[in-house]
Amino acid sequence: MFQVHPSLGLPAKDLEYAIFVLRNVTKETLMKSGRDIMDNQLYLRRLSEIAIEIYAMTAMLGRASRAYSIGLKNADHETEMTFLYCKHARARIDRFAKEIQEHGHATGDEHLQHLAKRVRS
């Protein structure tokens, strides 16, 4: 179990939320697409972007929590960066999840897929 310093509660909640979003969006996407998801690189890219954000949030939380717990001189700086990064990461994750749920209609995915089919032909 991963525990962070209590002062990092808000970024930890952002991480928990991000994991919840990834689980739900992945489940929803797989239920809709099934095996065809392998052919939809744009969905996969967005899912991987969410996973990358989660990885970075986890690393920053771990680093800031350690710095704060052992009293490093840069602990306040680490904590501030973690708060800021996690806040912005959550917004990016929300955007990627929304794009996945909209099936790319608002993102222009149809045009990219059409162009890709024309290039392959």
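What percentage of the 121 residues of the protein chain count as buried? The figure is 31%. The model is predicted, and the stops below go from the whole chain to single residues.

**Whole chain.** Show the cartoon and colour it by secondary structure. The chain has 4 helices and 0 strands, so the order along the sequence reads α-α-α-α. Then turn to contacts between residues at least 6 apart in sequence; 74% of them join residues at least 24 apart.

**The core.** Select Val-25, Ile-50, Met-57, Ile-93 and Ile-100. These belong to the largest nonpolar core, which has 18 residues, and they touch the most other members. The largest contribution, 7 residues, comes from α2. In soluble globular proteins, nonpolar side chains tend to be buried together.

**Ile-50.** Centre on Ile-50 and display its neighbours. Leaving aside residues up to four places away in sequence, Ile-50 touches Ala-18, Leu-22, Ile-93, Phe-96, Ala-97 and Ile-100. Two of these names, Ile-93 and Ile-100, were also in the previous selection.

**Glu-28.** Move to Glu-28, which lies in helix α1. Is Glu-28 buried, exposed or partly exposed? Glu-28 is partly exposed, because its relative accessible area of 28% falls between the 20% and 50% cut-offs. To finish, draw a C-alpha to C-alpha distance from Glu-28 to Ile-100: the two are 72 residues apart in sequence and 9.4 Å apart in space.

Definitions and conventions:
Residues numbered from 1 in each chain as written. Predicted model: local features only at pLDDT ≥ 70, side-chain atom pairs only at ≥ 80, totals over all residues. Heavy atoms only, no water. Helix = DSSP H or I, 4+ residues; strand = E, 2+ residues; numbered from the N terminus. Buried < 20%, exposed > 50% of the residue type's maximum accessible area, 1.4 Å probe, protein only. Contact = heavy atoms within 4.5 Å. Core = buried A, V, L, I, M, F, W, Y, C linked by side-chain atoms within 4.5 Å.
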